[in-house]
Amino acid sequence: QVQLVESGGGLVQPGGSLRLSCVASGSIFSTSAMAWYRQPPGKQRELVGTITRGGSTNYADSVKGRFTISRDNAKNTMYLQMNSLKPEDTAVYYCNGLPRIGSWGQGTQVTVSS
């Protein structure tokens, strides 16, 4: 069973930046497309962006140009660099495969507020 651990969240002012990390256990990570998801308060989980095993990325329109996904297959780690953060980016952020490779982790809370 793959375990996914997200970290790097916090409280940031509008316009600020954060870098999230996702560490996955097991060898499946390097052969899997991965994705970042988020769940805003009171809303359903939504897809933020994806990255193929080769590093090609795709993003939701709401974050395009502000967020960047990258991965380090040697470290079984995926990253989400978030710039120009907006209050509407406030959410719990999760990572998983696309399709899913494991159970949902605890997520990491991102709060954008002045």
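User: How many aromatic pairs does the structure hold?
Analyst: This is a predicted model, where local features need pLDDT of at least 70, side-chain atom pairs count only at pLDDT 80 or more, and totals for chains, interfaces and linings use all residues. Residues are numbered from 1 along each chain as its sequence is written, and side-chain values use heavy atoms, with hydrogens and water left out. Rings of Phe, Tyr and Trp (its six-membered ring) pair if their centres lie within 6.5 Å; planes under 30 degrees apart count as stacked, over 60 as edge-to-face, the rest as tilted. The number of aromatic pairs is two.

User: What is the geometry of the pair Y37 and W104?
Analyst: The centres lie 5.0 Å apart.

User: Is Y37 buried or exposed?
Analyst: Buried means under 20% relative accessible area, exposed over 50%, partly exposed in between (1.4 Å probe, protein chains only). Y37 has 10% relative accessibility, so Y37 counts as buried.

User: Which residues do ring pairs link into a cluster?
Analyst: Y94 and W104 have ring centres 5.9 Å apart and planes at 75 degrees, so they are edge-to-face. The cluster is Y37, Y94 and W104.

User: Which residue lies over the face of Y94?
Analyst: A charge sits over a ring if NZ of Lys or CZ of Arg is within 6 Å of the ring centre and within 35 degrees of the ring normal. At 4.2 Å from the ring centre of Y94, the residue is R45.
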